[in-house]
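Visitor: I am new to this structure and would like to learn how to read its features. Please show me the model first.

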Amino acid sequence: MPHGRVFHRPQKGDGVQPRVRTTARSIAGLLGALALVIASSATARADEDGQWTMPAKNYASTRYSALNQITPANVASLRPEFTFSTGTTKGIEAAPLVVGATMYVVTPYPNYLFALDLTKPGAPLKWRYAPRPVPASQGVACCDVVNRGAVFWRGKVIFNTLDGQTVAVNADTGKEVWRTRLGDINKGETITMAPLVVKGKVLVGNSGGEMGVRGWITALNADTGAVAWKAFNTGPDRDVLIGPDFKPFYASDRGQDLGARTWPGEAWKIGGGTVWGWISYDPELDLIYYGTGNPGPWNPDQRPGDNKWTAGIFARDPDTGKARWFYQFTPHDQHDYDAINENVLLDLPIGGKARKVIVRPERNGYLYVIDRASGEVLSADPFVHVNSSEGVDLKTGRLIPTKAKEPKLGKVVRDICPSANGAKDWMPSAWSPRTRLLYLPATNMCMDVQTAEANYIAGTPYVGAEVRMYAGPGGHRGLFMAWDPARRKKVWEVQEDLPVWSGALTTGGDVVFYGTMDGWFKALDARTGKLLWSFKTSSGIISQPVSYRGPDGRQYVAVLSGVGGWAGVVVSADLDPRDPTAALGFVGATGDLKQKTTPGGTLYVFALPRAR
């Protein structure tokens, strides 16, 4: 079976036991760190009910299942238990949900919602809900007509449609409970993200940064669908819900109406900053965290300034939407790096004491560890090859751009790494409290860019750049790695031929799962990165695998295959692979994908053989 190469990188001091000066303070720190590890592992076990009710598994976005029947010793015996055809052939990025004895699957456009009965052989269909989104929404979706999943909340399955609606469906009957229109496709707005429910409020954001839309996040009443609050990510403070409680850590994020004043004229009105990625929630601090997308257009000369509040992370009060702090990963984003990636909420020993942090592998190529109460960046380390910037100044929080890699009008700027999709796009990482490692899918890609003047016409592309992407150093286009955020180092790495565009899943049996764009579903030893098992599905995998306990008490692993998304739209939209600028430049990197996989849309569910 095909697999990537595994590299174990020795670190300075490996195998050497340093002399330790023992003090009461150091002992206390070590005991605190040990207690933290034990507590987090115990909590994971206590909270495991065998279900999967939201795409990220939990509010901390760990994507970790404490189920441990599947182990490195027996995972090679995994076999398919049942499959289900979705009847769609566009890119499937969603995670299945499992609530009690029912599995729920959301498809890309036309956004069908299926309920499968897990108590019966083959998991037959219980019901199907068809929301019938407006067909014209397909024409304004920048990067395939994907959907990243649903959320379960008190008897309802809630999800978004491509044409900008949020829908709640009765989980038992499949009958619509409420439907709220939020986006306007005439402006280029779509919705592809998975919602999150916090304290009875459904949190939803828009897509369309390449169409010159204005990014926002909104909260709906989970019982009625009524809008509770809405916060824009560009514009004056009153629109962004910035008030006296807003206390960013860095000086560059302080000042009145920066969401308007860091833009030329009224460019903020069509400046992007959309919310098409992931939201996390800390119940103790009572804060939600989410990232904002790229500024528009891609041509940076048309929008001098920091372009706040794009390409950064907001912490907000879930009840009111009021902003508490903000940090900008990529001020004046010049390379479409966005900042919509997942925020993994962990308690880690940092500098000898426990810190409540956000661990964030960012598209600009750095893995950030951020204090989630204040927004202070504690560390930022490159996890792939990066030459578009020279590092992060921890005193100011500023990314340090590489002058030679800045786009210039009328000039082709070559070998910019990472490429526009970033070191890691939307595909979410997973954290194991057992190994204390973050497992992250990544890409190894660079690009050439030539910018041009972009003209804004509502509902049409607003980009102003011609991009050609290609493989980075070494020739491989994908990576899957384990990262130690406390020790700030890569532990192991697997190189893949194609970009790794699926999410990661890790389990209590110390097995980690992910999929490849040519259709291999893989299981690795979470501690060593050794390939233990793989299965060839009918299409490329760009979705989010999950694990659950079935009604029979067995552990199952489920994944949806169906190539597409930005990386695979050359297949799902049948683009010409000879045009390297197609799909905003991604076809230049994945033009050979048509030779490796075909469109599809199938659910695969695996388990160990039944005990005799």
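This is a predicted model: local features need pLDDT of at least 70, side-chain atom pairs count only at pLDDT 80 or more; totals for chains, interfaces and linings use all residues.

Visitor: How many aromatic pairs does the structure hold?

Guide: A pair of aromatic rings is described by the distance of the centres and the angle of the planes. There are 33 aromatic pairs in this structure. One of them joins Phe513 and Phe521, with 5.7 Å from centre to centre and 25 degrees between the planes. That pair counts as stacked because its planes are under 30 degrees apart.

Visitor: Are Phe513 and Phe521 buried or exposed?

Guide: Both Phe513 and Phe521 are buried.

Visitor: Which residues form one aromatic cluster?

Guide: Phe249, Tyr250, Tyr327, Phe329, Tyr366 and Tyr368 make up one such cluster.

Visitor: Which residue lies over the face of Trp426?

Guide: Arg148 does, at 5.3 Å from the ring centre. Likewise, Arg214 lies over the face of Phe232, at 3.9 Å from the ring centre.

Visitor: How many salt bridges does a search of the whole structure find?

Guide: The search finds 46 salt bridges. Among them is a contact between the side chains of Arg238 and Asp239, at 3.9 Å from N to O. Arg238 has a relative accessible area of 68% and is therefore exposed.

Visitor: Which side chain meets Lys356 in a salt bridge?

Guide: The side chain of Asp347 meets Lys356 at 3.6 Å, N to O. Lys356 has a relative accessible area of 27%, so this residue is partly exposed. Asp347 counts as partly exposed because its relative accessibility is 28%.

Visitor: Where do Arg360 and Glu362 stand, buried or exposed?

Guide: Arg360 is buried, as is Glu362. Their side chains meet in a salt bridge of 2.6 Å, N to O. Elsewhere, salt bridges with shared partners link Arg79, Glu81, Asp552, Arg554 and Arg610 into one network.

Visitor: In what order do the four strands of the open sheet stand?

Guide: The order is β8-β9-β10-β11, and the pairing is antiparallel. The strands β8 (151-153) and β11 (176-181) each have a single partner strand, so they stand at the edges, and one side of each is left without a neighbour in the sheet. Ignoring direction, neighbouring strands of this sheet are turned by 20 degrees against each other on average.

Visitor: How many bridges join β8 to β9?

Guide: Three bridges join β8 to β9 (residues 156-160), and the two strands run antiparallel.

Conventions
Residues are numbered from 1 along each chain as its sequence is written. Side-chain values use heavy atoms; hydrogens and water are left out. Rings of Phe, Tyr and Trp (its six-membered ring) pair if their centres lie within 6.5 Å; planes under 30 degrees apart count as stacked, over 60 as edge-to-face and the rest as tilted. Buried means under 20% relative accessible area, exposed over 50%, partly exposed in between (1.4 Å probe, protein chains only). A charge sits over a ring if NZ of Lys or CZ of Arg is within 6 Å of the ring centre and within 35 degrees of the ring normal. A salt bridge is a side-chain nitrogen of Lys or Arg within 4 Å of a carboxyl oxygen of Asp or Glu. Two strands pair if DSSP finds at least two bridges between them. Axes are lines fitted to C-alpha atoms, for helices over the stretch in contact, and angles run from 0 to 180 degrees between N-to-C directions.
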